[in-house]
Amino acid sequence: MSVLKIKYIKRYKDRHGKERLYFNRKGYPTVTLRGPVGSQGFNDDYAAALEMKPLSGHVGARFTVPGSISDLIVTYYQSADFRALADSTKMTYRGVLEKLREDHGDKSVKGLQRRHVLAMLDQRAEAGNGAAYSFLKRIKVLLSFAVARGYRDDNPALTIKPPKLKGFRALDDVDIDRYLAYWQPGTRQRLAMLTLLYSGQRLSDVVRLGKQHIRNGRVALTQQKTKTRLEIPIHPIWQAEIDLMPADVLMFVHTQTGAAYKSTSFGNEFRDWCKEAGLPPQSSAHGVRKVAGRRMAEAGALAKGIMSVLGHSSLSKAERYTKSADQIKLADDAISKLS
């Protein structure tokens, strides 16, 4: 069978037999592409790769002025910081940074001021607060990198507050209880919620979990974003729901036909399930992971224990849950002494 040849594409099969695809164009950054060839993910990644600017030192390098924003972005792409990111995260960063290069690539990194960042933020907010939020998050990382590499002495974006995200709302305990009261045992909607709640994982990992990950009463996985290897005990409530799954269905989060979801399509359908359960408009899976962390803290779990479940890379993130739980307990104790 002949293999379709596409310009700048390199293919190889890894040790598991899975085909890996790379955009490999001389003088340009090498980019990992989602497969298979012809899929929407591949087409989007390939189109984005074709629009990238050439690296410094190759054809077109004369357009990259040393000390410019374009020069900074190219250096960031070549750094260990960027290479350590997950492939999906790299594509997200490139989507934001390539637009920045296109609009302001020839300008000086040192000349960038707080008011300039705010103006860019306002411009992106016209497309929605989500675009502005994503831009600010990435520009903060880029400018912190600029400080570390000597491009400038400070990060003017560091103190800018992110815009409030609209279009969805995070779930809280009341929402979760109401959802579970509506979706009864044995429904895929209930199993999806319990998988979110008792695994404590991001949507990108939840949609990949299934019976094939169960080992001796635990779910074993490698997080897609952080590459952290986790083994999480299956809570009895979650296990009871897993036991009700159809024998021929593998994935915990599955469609009506038993197939796996992509994280985006699952997120959209989960919002519909929330709406049907009578939750407020725009309720989403956002926040369930935080509820899981907080519940563990309130039950007395240590920060390192919470960290081992959620897969946080730093102890300080997990400690936020225990500090919140300690505050509640101390407040209860203080008020009780008034009586």
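**Aromatic pairs and positive phi values**

A search of the whole structure finds 16 aromatic pairs, where rings of Phe, Tyr and Trp (its six-membered ring) pair if their centres lie within 6.5 Å. This is a predicted model, in which local features need pLDDT of at least 70, side-chain atom pairs count only at pLDDT 80 or more, and totals for chains, interfaces and linings use all residues. Residues are numbered from 1 along each chain as its sequence is written, and side-chain values use heavy atoms, with hydrogens and water left out.

Visitor: Which geometry does the pair of F23 and Y46 have: stacked, tilted or edge-to-face?
Guide: Planes under 30 degrees apart count as stacked, over 60 as edge-to-face and the rest as tilted. The ring centres of F23 and Y46 are 5.9 Å apart and the planes stand at 65°, so the pair is edge-to-face.

Visitor: How many residues apart in sequence are the parts that F23 and Y46 tie together?
Guide: Helices (H or I, at least four residues) and strands (E, at least two) are DSSP runs, numbered from the N terminus. F23 belongs to strand β2 (residues 19-23) and Y46 to helix α1 (residues 40-50), so the parts tied together are apart in sequence by 23 residues.

Visitor: Are Y261 and W273 buried or exposed?
Guide: The rings of Y261 and W273 have centres 6.5 Å apart and planes at 75°, so this pair is edge-to-face. Y261 lies in the loop between α10 (236-242) and α11 (263-276), and W273 in helix α11. By relative accessible area, buried means under 20%, exposed over 50%, and partly exposed in between (1.4 Å probe, protein chains only). Y261 and W273 are both buried.

Visitor: Which residues form one aromatic cluster?
Guide: Y261 and W273 are among the members.

Visitor: Over which ring does the charged end of R124 sit?
Guide: A charge sits over a ring if NZ of Lys or CZ of Arg is within 6 Å of the ring centre and within 35 degrees of the ring normal. The charged end of R138 is over the ring of Y93, 5.0 Å from its centre. For R124, the distance to the ring centre is 4.1 Å, and the ring is that of F135.

Visitor: What is the relative accessible area of N216?
Guide: N216 is not a glycine, yet has a positive phi of about 50°. N216 is placed in the loop between β4 (214-215) and β5 (218-222). N216 is exposed, and its relative accessible area is 81%.
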